[in-house]
Every structure is written in structure tokens, then in C-alpha cells.
Amino acid sequence: MKKLTLLLLFLCFGLTAMAQVEIGLMVSPTISGNRFISEDKYNFEKESNSLRLGVGVVADYFFAKNYAFSTGLMYRSKGSEITYNYTKDNGDGTADQVNGKDDISLQYIELPISLKLFTNEVAPSTMLYFQVGTSLNTKVAAQVNNKKVIDGEKVSKRFNIFEADVILGGGAEMQMGESTKLFAGLTYHRGLTNIDDYYRDRLDDKNFSLKNNGVSIDFGVKF
């Protein structure tokens, strides 16, 4: 058992020594939207996409020449303008018509966890890359219609604290110097988890879900 432990430690130190780590900065403008899982009678619709922004640090940990484990820490804004129109049964034989338009803006700290696959050079000092993985996100702020408080209640309480995404992307990376690289790409962010704590309660429908969607244009530099 002792010999096996020593062998595993030796392999771990060896892999760490052989691995190449590249750290950089990224700016990520995002066309953000929302999608719904709900009955048609509620008439929830995405009115329009919104332009949001993401910024942060990225790190690529190469465990082979063309393969890297990619992570980082991102601050990203999400959300869009939604509309709804439904009839609410008051339970006493009366009903109210409820309709509205909400501009949702949510801010998250994201921890992406993904695999990056690089091609060989397709042009001088230029490689393509493909990325697949997930992102674990924590909500840090929220606004609806540019308000943080509505009817005496903090808007942040309307939305879940945690969110998870699938991320799929690709792009190009260019060597600019001995240790400097520029990169640019597109990434699709598809929300996996329900972010809503508010509309579900108003509808009294546990099957209702509100999720984030987005496509980001990523620019950055690695050192």
C-alpha cells in the first residue's frame, strides 16, 4: 500500500511538472435570452434578447500537446425582457387577468469547467480550438425593470442562488510572442437549472421553469 501511494504521488508530481499552464484575461459580450418550461395558457414569451457583458480570468492546463483542462473565474450578466398574460383563479369564483413585461438582469460569478481540444497549426502560429463542458454559477445581484427592490422586497430573492450551464464553443488562437497568445471565439451557454423562485409561486405551478440562454463572443489574451 505504501509503495502504491508513493507511485501515485510520483506520477502526480510528474504530470504537474510536465503540464503547461496558460493564464489570461477575457472579455465576453453576450447576447442573452431566456427560455421557459410552462403551459401555453400562461403566454410566457421572450420579448427580446439583451446585450450583456462578461469579464474574467481564464486558465488552460495542458495535460497533452493538443488537450487542455480549462477553467477560470468569470463575472457575467444574464437575462432578457419577457412578457406574460394569463388568467389567475382567485378561488372564490372570481378571476383576474394578469399581464406584464419584465426586464430581467442577473449577475453571476461563474466557475467554468471544460475540455479544450486544439488542432495543429492551420495557418502560421494559428490553431483552432473546440470547447465542451459546464459552468457552475452563483448569483451575486439581480434587477427587474432596473429596480433592486419592488413592493418592499429585494428582487434578488425572486431568483435562485445557484445555476449550472452547458458550454459549447470554438475559436482560434494565435501565437504573438514567446509566451503571449491572442484568442477569439464563440460560446453557446445553455442553462440547465431553473433560476426562478417568483413566477412559479405566482402561478402556483411547480412545473414552471425559467432558464438562461446565451451566445457570447469571446476575446482575450493569454500569458
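Modeller: A cavity is a set of points, on a 1 Å grid over the protein atoms alone, where a 1.4 Å probe fits but cannot get out; its lining residues have an atom within 4 Å of a point. A volume is the space filled by probe spheres set on those points. This is a predicted model, where local features need pLDDT of at least 70, side-chain atom pairs count only at pLDDT 80 or more, and totals for linings use all residues. Residues are numbered from 1 along each chain, and hydrogens and water are left out of side-chain values.

Colleague: How many cavities of 30 Å³ or more does this rule give?

Modeller: Two. The largest cavity has a volume of about 210 Å³.

Colleague: What makes up the lining of the second largest cavity by class?

Modeller: Seven polar and four charged residues, with no nonpolar ones. Asp, Glu, Lys and Arg count as charged; Ala, Val, Leu, Ile, Met, Phe, Trp, Tyr, Cys and Pro as nonpolar; the others, Gly among them, as polar. Arg76, Lys78 and Gly191 are among the lining residues.

Colleague: And which classes line the largest cavity?

Modeller: Seven nonpolar, seven polar and four charged residues.

Colleague: Why is lysine 222 called buried?

Modeller: Buried means under 20% relative accessible area, with a 1.4 Å probe and protein chains only. Lysine 222 has 1% relative accessibility, so lysine 222 counts as buried.

Colleague: What does the side chain of lysine 222 join in a polar contact of 2.8 Å?

Modeller: The side chain of glutamate 22. A polar contact pairs N or O atoms within 3.5 Å, one able to donate a hydrogen and the other to accept it. Glutamate 173 also makes one with lysine 222, side chain to side chain, at 2.8 Å.

Definitions and conventions:
Buried < 20%, exposed > 50% of the residue type's maximum accessible area, 1.4 Å probe, protein only. 1 Å grid on protein atoms, 1.4 Å probe; cavity = no way out; pocket = protein on both sides within 12 Å on 5 of 7 lines; lining within 4 Å.
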